[in-house]
Amino acid sequence: MFQRLIVLGVLSCSMCSAFEIDGGYTADNDSVTGVVSGEPRSPKRHSPLAFKYYFELKELEATPLSTPEERALKMFDIGMSYLHSGEYQRATDWFINSMVTYPDERMLESIGLATQNNYIGENMSAFEMGLQTLRTYAHNKHQQACFLMGYFNETNVFTQPLPPVPTLTEKTHEEVARTWYKQAANQGQMNAMSRYADFLLKGIGGPKNKDMALHYYECAAKAGHPNALTYMCNAYALGLHGEIDLEKAAYWRRKALVPANYERALKVADRLFVSRRPSEYGKAVEIYEQVARFGHAATRHKLGLLHFLGHKVRLDDVLALDYFLENVYQYATEVEAVSLLQGFEKAENYEAQNKLIKKFAKKYPNVALYAAKRVKHIRFSKQNSAGALDYLKQACKAFSPEAEVIRLELHNELGQHRKLSSGLDKLAPHQQELIEHGLWGRYNYLSALNCIHKNRYQEAFVFLEKAAAAGKHEALLIIADLYYDGLTGATRLDMAERYYKLAYAKGVPQGAISLLKMAFAKQLFGTDDFVGAQRKWLEAAIELKSPLAMALKISQRVANDVD
């Protein structure tokens, strides 16, 4: 509690015999307040620093402009020199006089330390003198004195408990200490607020009260108490007083300057996630999301995988990619960044490509060079798609099968399903022209998507087979999805796997991605050799420049290396 006072003056014990000094002030034993009176006497023995400070004090007192604070500080220095040389009675004398000259918390705390040492050394006359001074200030509601009285009662320095009011019914030292700590805490004494919170939390000297404990810990933390700051951080990070709140935990962590530790929160989330109750695993996902926002790479990767697989969360490859990319943005190497840029270009995902360039162009020269070469694509966005539609309207004034199909593809991209449906109806009589222009596969593929939007899966299946036969290989992927989800009858995982492999063989990256998902699903349910399959299809998707697969692999490396 008081050890930090030692830093105020570390003395060389080997010098203690080099000088001699006599006591500081003579005690007025009749004084009810324990105030010491008398003139300083010339030094004869003991502490060399006391010798030095004594004459400095005499010079200071002779200076007309010297202030009480300056004189009190010099007395305090003399007291500290005696304290460190083991002369606790003399130290008490000087501390009390410094307190009388200029009341200050540091002086009072030093009186407390000297008083405690007098008790330990069984120097009871000096102990009683220091104690009387503390009690006088404590009864005058001096916060530091109240705290020290609480401390002495807690550590059983007193033979009998000494409560603030003699008539109080407290019977134990802990009960009395709790009363003193409360009194000091309510006056804003930082150490007392933290100690009183400990008593409330653990039920020492009275009933437990977790809510009030949190209140006093927060007050102490706001005053800068290190233990209280750490407690506030842990209270919210671990949910000690209710739900986990990592936002508040981060706030107190920044105040406390302690490193982040999310292990306990993640253990709670892992335990909740295995539950079959949506409310519980939903809470787990919320905790994962909070941890991910604070930059925890492994948790970001885990959330990405959950959305990638649609396991207890929404199946969403776009959101999964976003989580993977957060790790990419922070930790990707130059080679990984350039490779991922190439994947985005092949996938025509220019918005993601643009964002990646902004993150790495200043950091990696090869990314900046790549950006310079591909600048014409960087500004691609849905607004550009909408602008392209205006040009296509002009092109379609004179019937053009290619312009019509492109326009329908843009309607589908922008989610304009009604316009897609009406456009397909207008193109239906022009089957021959579509075949002649090599657009038959694309037309059937769009027709299948239109049927899927309307939940007409059997019709969609027929269109998809025609599209695949006409060379639109992405149709194989949709057929596999229909088998996987059982939308055309019973679920057929064998047929789904077959069509995913066909799509991959035709160069469709999403085919390998879907096979990778199936491998992860096997891991989830503990069937077959999933590790080899995961590695195989991840590399296969990367070979076809799938941005999602590339980001997943980089994120996986980051999660293993960083956290």
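Modeller: Happy to! Helix 7 passes helix 8 in a left-handed crossing, a crossing being left-handed if the near helix is turned anticlockwise from the far one by less than a right angle, and right-handed if clockwise. Helices here are DSSP runs (H or I, at least four residues), as are strands (E, at least two), and they are numbered from the N terminus. This is a predicted model, where local features need pLDDT of at least 70, side-chain atom pairs count only at pLDDT 80 or more, and totals for chains, interfaces and linings use all residues. Residues are numbered from 1 along each chain as its sequence is written, and side-chain values use heavy atoms, with hydrogens and water left out.

Colleague: Is helix 7 oblique or roughly parallel to helix 8?

Modeller: Helix 7 (residues 173–186) and helix 8 (residues 190–202) pack at an angle of about 135 degrees, and their axes are 8 Å apart. Axes are lines fitted to C-alpha atoms, for helices over the stretch in contact, with angles from 0 to 180 degrees between N-to-C directions. Angles under 35 degrees count as roughly parallel, over 145 as roughly antiparallel, 65 to 115 as roughly perpendicular and the rest as oblique. Helix 7 is therefore, relative to helix 8, oblique.

Colleague: How many charged residues does the contact of helix 7 with helix 8 have?

Modeller: Contact means heavy atoms within 4.5 Å, and the residues that make it include R178 and Y181 of helix 7 and R195 and F199 of helix 8. Ala, Val, Leu, Ile, Met, Phe, Trp, Tyr, Cys and Pro count as nonpolar, Asp, Glu, Lys and Arg as charged, and the others, Gly among them, as polar. By class, the contact has nine nonpolar residues, no polar ones, and charged residues numbering four.

Colleague: How do helix 21 and helix 24 lie to each other?

Modeller: Helix 21 (residues 401–413) packs with helix 24 (residues 440–453) at an angle of about 30 degrees, their axes 11 Å apart. Their crossing is left-handed, and V405, I406, L408, E409 and N412 in helix 21 meet R442, L446, L449 and H453 in helix 24. The two helices are therefore roughly parallel.

Colleague: What is the distance between the end C-alpha atoms of helix 16?

Modeller: The expected span of a helix is 1.5 Å times one less than its number of residues. For the 13 residues of helix 16 (residues 334–346) that should be 18 Å, which agrees with the end C-alpha atoms being apart by 19 Å.

Colleague: And which residue with a positive phi follows helix 16?

Modeller: Among the buried residues of helix 16 are L340, L341 and F344, buried meaning under 20% relative accessible area, exposed over 50% and partly exposed in between (1.4 Å probe, protein chains only). The residue after helix 16 has a phi near 60 degrees, and that residue is E348.

Colleague: Is V268 buried or exposed?

Modeller: V268 lies in helix 12 (residues 263–273). Not counting residues up to four places away in sequence, V268 touches I244 and I287. Its relative accessible area is 15%, so V268 is buried.

Colleague: Where is K312 found?

Modeller: K312 is not a glycine, yet has a positive phi of about 65 degrees. At 30% relative accessibility, K312 counts as partly exposed. It is found in the loop between helix 14 (297–309) and helix 15 (317–331).
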